[in-house]
Amino acid sequence: MNISNRIIYIISFILFVIICYIIVNKIILNPKTHSQASIKIQTNESDIIFGNHDAANSIYMYSSYKCGFCRNFFKEVFPKLKDNYLDKGKLNLIVKLIEPDKDIDMLYALQVAVSVHKYGQFDKLHELLVHNYKVVYTNDFTSLCEDFMQNNTEIAKSVLENNNYEYLKANYNEFTDLKLSGTPTFLMNQQIYKGYKNYEEFENIIENEFKY
């Protein structure tokens, strides 16, 4: 190999190393964490809202109880979010439940959940579904839903008339219109943040978006 070829080889190798470094650093180590939503997200009267309905700022969350990362969010991140932001009136969390698999049992459970949130005591049902979503496939859950309906005529009417199926369908259509594919997905100031974040990461995003 003559000197000129050796120089060309060395330069090519250096350029290759630089390109690899840029790819690893920009795409793998520091991936783009968010993007702009293509459509305006708005609150629906059937959305599940944690915190003060009149809070100055809102975080929207597309969520599924079958999603392990969503359940981990509610177990690990939500309690601190509630203490530091929701209970202080700084934010509310607006959850848009979806069922990508069109699972009939889960759709029924979500319809009950939305109805209970509107007309009853939602917290315990939410905790149950976060703890073990597979409960929706049991006779005990069927009995629980029947108890909700027997004890509250508004819940019974809402569930029996399938009032929330169109709402749940609209949530999923909105989810796909945004070209989203996984849960949890969060929107803050129309910025999309995909995937589970630990509390420190989530707080950094909140502070950056809402300038607290």
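This briefing describes the sheet, the helix packing and some local backbone features of one structure. The model is predicted. Helix α5 packs with α4 at an angle of about 165°, with α3 at about 30° and with α6 at about 120°.

**The sheet as a whole**

- Strands of a sheet pair through backbone hydrogen bonds, and the pairing can be either parallel or antiparallel.

**Strand pairs**

- β1 and strand β6 (residues 191-194) run antiparallel and are joined by three bridges. In this region, glutamine 36 stands opposite glutamine 191 of β6.
- β6 also pairs with β5, again in the antiparallel sense, over four bridges.
- These two strands, β5 and β6, form a hairpin with two residues between them. Asparagine 189 lies in the turn and has a positive phi of about 55°.
- Strand β5 (residues 185-188) pairs with strand β3 (residues 57-63) through three bridges, in the antiparallel sense.
- Phenylalanine 186 can be followed through two of these pairings. Methionine 61 stands opposite phenylalanine 186 in β5, and tyrosine 193 in β6 is the bridge partner of phenylalanine 186.

**The helix across the sheet**

**Helix packing around α5**

- Two packed helices are described by the angle between their axes and by the distance between the axes.
- Helix α4 (residues 123-131) and helix α5 (residues 139-151) pack at about 165°, and their axes are 13 Å apart. Angles over 145 degrees count as roughly antiparallel, and α4 and α5 are therefore roughly antiparallel to each other.
- The crossing of α4 past α5 is left-handed. Leu125, Leu128 and Leu129 of α4 meet Phe141, Leu144 and Phe148 of α5 in this contact. By class, the contact of α4 with α5 has six nonpolar residues, no polar and no charged ones.
- Helix α3 (residues 104-119) packs with α5 at about 30°, with the axes 11 Å apart. This crossing of α3 and α5 is left-handed too.
- On the α3 side, the contact is made by Tyr108, Ala109, Val112 and Val116; on the α5 side, by Phe141, Cys145, Phe148 and Met149. The contact of α3 with α5 has eight nonpolar residues, no polar and no charged ones.
- Helix α6 (residues 153-160) packs with α5 at about 120°, and the two axes are 5 Å apart. α5 and α6 are therefore oblique to each other.
- Phe148, Met149 and Asn151 of α5 make this contact with Thr153, Ile155, Ala156, Val159 and Leu160 of α6. The residues of the contact of α5 with α6 divide into six nonpolar, two polar and no charged.
- Phe148 of α5 takes part in the contact with α4, in the contact with α3 and in the contact with α6.

**Aromatic pairs**

- The whole structure contains ten aromatic pairs.
- One of them is a tilted pair of phenylalanine 50 and phenylalanine 74, with 6.0 Å from centre to centre and 55° between the planes.
- This pair links distant parts of the chain: phenylalanine 50 is in strand β2 and phenylalanine 74 is in helix α2 (residues 68-86), 24 residues apart.

**Backbone features in the loops**

- Most residues other than glycine have a negative phi, and most peptide bonds are trans.
- Lysine 102 has a positive phi, near 55°. Lysine 102 sits in the loop between β4 and α3.
- The peptide bond from threonine 183 to proline 184 is cis, and its omega is near -5°. Proline 184 belongs to the loop between α7 and β5.

Notes: Residues are numbered from 1 along each chain as its sequence is written. This is a predicted model: local features need pLDDT of at least 70, side-chain atom pairs count only at pLDDT 80 or more; totals for chains, interfaces and linings use all residues. Side-chain values use heavy atoms; hydrogens and water are left out. Two strands pair if DSSP finds at least two bridges between them. Axes are lines fitted to C-alpha atoms, for helices over the stretch in contact, and angles run from 0 to 180 degrees between N-to-C directions. Angles under 35 degrees count as roughly parallel, over 145 as roughly antiparallel, 65 to 115 as roughly perpendicular and the rest as oblique. A crossing is left-handed if the near helix is turned anticlockwise from the far one by less than a right angle, and right-handed if clockwise. Contact means heavy atoms within 4.5 Å. Ala, Val, Leu, Ile, Met, Phe, Trp, Tyr, Cys and Pro count as nonpolar, Asp, Glu, Lys and Arg as charged, and the others, Gly among them, as polar. Rings of Phe, Tyr and Trp (its six-membered ring) pair if their centres lie within 6.5 Å; planes under 30 degrees apart count as stacked, over 60 as edge-to-face and the rest as tilted.
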